[in-house]
Amino acid sequence: MKKASEGNTRWRVAQAFLAALAIAISLWTLFSARSVLSFTEYQVGTTPVTVVQSMGESGPPVIIAHGFAGSRQFMDSFSLSLARAGLTVVTFDFQGHGRNPVPMSGDVTQSNGTTARLVAETRAVADWAEARYGGPLSFVGHSMASDVIIRTAETVEAAAIIPLAMYSEAITPTAPERLLIINGEWEPHLRRAALDALHQIDPAAGEGDTVTAGPVIRRAIVAPWVGHVGVLHHPLSLTEARDWIAAALERPLTRPVVSTGLPVLILLGGVLLLARPLSFLIPATAPEPFRIDRARFALATALPALATPLLVSLVPAGLGPVLAAVPLAAFFTIYGTVQLIVLGTLGLRLPAPPVLPTLALILYGVFGFALAMDMFAASFWPVHGRVWLVLMFLPGALLFMSADAAVTEAGRDGLGRRVLARLAIIAAFAGMVAMDVEQLFVLSMMLPVLVLFFAVFGLMGRWVARRSGAAGAGVGLGVLLAWSFGSALPIFDQNTTGSFRDLAAVAQPTGNAIP
C-alpha cells in the first residue's frame with residue numbers, strides 16, 4: 001500500500017514537472033518571438049489599436065483585422081511575422097469585440113448598416129496609420145474582415161489585399177488590383193468563392209495559379225490540413241502573405257515567419273495538465289457520490305433538454321441592450337433550474353460548497369487558463385461593459401453548472417453518462433436556436449465556446465470534485481462559465497434593426513447582407 005502511494009506521488013510529481021516544462025517552453029517561444037519587437041498602444045477615436053514594429057525598423061503599414069468573435073490577439077501569427085519582416089503592423093479590435101468599448105451597431109440588412117460601420121472603422125484606422133507612418137498601405141483580414149478590407153480598399157489606395165478564409169461579393173474584374181486569397185483546405189465553399197474571383201480574370205485558373213489582367217493580379221492558395229482558424233497559423237499562409245506584400249512593395253522581406261498556434265496550444269495544454277497534480281493539494285473530503293439508476297438519469301437529462309427550448313422561446317429575444325444575451329442567460333437559468341428540480345424529486349440535496357476548493361478552482365481558471373488565453377490567443381478578459389454581462393450570466397450559470405455537477409458528480413460518473421449529459425445540453429442549445437432562428441442564429445457560433453468550456457474547465461472541475469465533492473466544482477464552474485461567455489460574446493447594440501441571422505451574414509457575408 002505504501003509503495004502504491006509512493007508511486008502515485010512520483011507520477012504526480014512527474015505530471016507537474018512535464019506541465020511546468022511545457023508551460024516554460026511555450027512561454028519562452030512566445031516571448032522570444034516578441035523580444036525583437038516593440039508594441040505601442042494607441043486609441044484611434046474609440047478604437048483600441050496596437051502598433052507592432054521590429055526594433056529600429058518602420059516599414060510601410062499593414063492593417064490587420066480580425067474576424068467575428070475575434071480580437072487582436074487572434075491575429076498574432078500574422079502580426080508577429082509581418083512585423084519581424086520589417087513592416088509596421090497596425091492591428092485593432094472591431095466594435096463589439098475585445099477591448100473596444102463601443103458595441104457593434106447598425107442595420108445588418110442594409111449596405112449602410114453594420115458592414116459599412118466596420119468599413120468606416122477600418123478606414124479611420126488606415127487613414128491614421130498612413131498619416132503617421134506613410135504608405136503605401138496593405139491589408140490582411142480574416143473571415144468577416146475579409147469582406148471589410150476588400151470594401152475598404154475601394155476608397156483607399158492599397159498595395160496588397162490579403163483576405164483569409166474569404167467570402168466577399170465586393171470583388172469585381174477590376175478591383176481589388178493585387179489580391180491574394182488564402183483559405184484552409186477544409187472549407188470547400190470558401191475555396192469555390194476564391195476560384196470565382198480568379199475566374200473573373202481567367203476562367204481556366206486553378207488554386208495556386210497567379211492570374212493577371214493589366215494592373216490586376218490575383219492568386220488563390222490553400223493551406224493544407226487546416227480549417228477556418230488553422231489558416232491563421234499555417235506557415236504557408238504566413239510565408240505567402242509576406243512574399244505577396246514584398247512583391248507589391250518591391251522590397252525584400254525574407255525573415256522567417258512565426259506561427260504562434262502550436263506554442264499557444266502547448267501553453268494551454270500545460271496549464272490544464274498542471275491542474276491535475278495541483279488538485280491533490282486539496283484535502284480529500286468528498287462525500288460518497290449520489291448514484292441514480294438509468295431511468296432516473298434519463299429523466300434528469302431528457303426533461304430539461306426538452307423543456308428548456310420551449311421555455312426560452314417565451315423570453316423576448318429583443319429584451320436587453322445586447323442581442324441574445326438575455327435568451328442565453330435564460331437558457332442557463334431554465335436548464336439548471338429544471339434539472340435541479342428533477343434531481344430534488346429523486347432525493348438529491350446538494351450540500352453547501354466547500355470554500356477553499358471552490359476558490360481554488362475559480363482562481364486557477366481565471367489566473368491560469370483565462371489569463372493565458374487573453375495574453376496569447378483571444379480576448380478573454382471582461383473589460384469595459386463586459387463585467388455587467390458576466391454578472392448577468394452568473395445566476396443562471398451557477399444553477400446550470402451546479403445541476404450538471406450533480407447529475408454527473410462533476411464528471412466522476414462513467415464516461416457514457418458524461419457524454420449523454422453533454423449531448424443533451426447541446427441538443428437543448430440547438431433546439432433553442434431552432435425555435436427562433438431569425439434572432440438567435442448567431443448563438444450557434446457560441447456553441448464551440450460551450451464545448452471548449454466542458455473540455456477544459458469541466459476537466460478541472462472533475463479533478464476538484466474527486467477531492468471535495470460536486471457542490472464546490474459546480475459553483476466554481478458556474479463562475480467560470482459566466483466569465484467565459486461574458487468575455488467571448490460579441491456585443492451588438494440591441495437598439496438596431498436586422499435579425500441575428502443577418503448578423504451571421506455579416507460574419508460570413510452573403511448577398512443578403514450587402515445588396
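**Entry 1: strand E5.** I am working from a predicted model. I then asked why E5 counts as largely enclosed by the rest of the structure. Six of the six residues in E5, which spans residues 137-142, are buried, so the strand is largely enclosed.

**Entry 2: neighbours of E5.** Which strands pair with E5? I found E3, residues 61-65, paired with E5 in the parallel sense over four bridges. In this pairing, Val-62 sits opposite Ser-138 of E5. I also found E6, residues 158-164, which runs parallel to E5 and is joined to it by six bridges. Here Phe-139 stands opposite Ile-161 of E6.

**Entry 3: helices H7 and H14.** I next looked up how H7 (residues 261-279) packs with H14 (residues 447-468). Their axes are 9 Å apart and the angle is about 5 degrees. Angles under 35 degrees count as roughly parallel, and H7 and H14 are therefore roughly parallel to each other. I listed the contact residues. H7 supplies Leu-272, Ala-275, Arg-276 and Ser-279. H14 supplies Val-456, Leu-459, Met-460, Trp-463, Arg-466 and Arg-467. I sorted the contact by class: six residues are nonpolar, one is polar and three are charged.

Key:
Residues are numbered from 1 along each chain as its sequence is written. This is a predicted model: local features need pLDDT of at least 70, side-chain atom pairs count only at pLDDT 80 or more; totals for chains, interfaces and linings use all residues. Side-chain values use heavy atoms; hydrogens and water are left out. Buried means under 20% relative accessible area, exposed over 50%, partly exposed in between (1.4 Å probe, protein chains only). Helices (H or I, at least four residues) and strands (E, at least two) are DSSP runs, numbered from the N terminus. Two strands pair if DSSP finds at least two bridges between them. Axes are lines fitted to C-alpha atoms, for helices over the stretch in contact, and angles run from 0 to 180 degrees between N-to-C directions. Angles under 35 degrees count as roughly parallel, over 145 as roughly antiparallel, 65 to 115 as roughly perpendicular and the rest as oblique. Contact means heavy atoms within 4.5 Å. Ala, Val, Leu, Ile, Met, Phe, Trp, Tyr, Cys and Pro count as nonpolar, Asp, Glu, Lys and Arg as charged, and the others, Gly among them, as polar.
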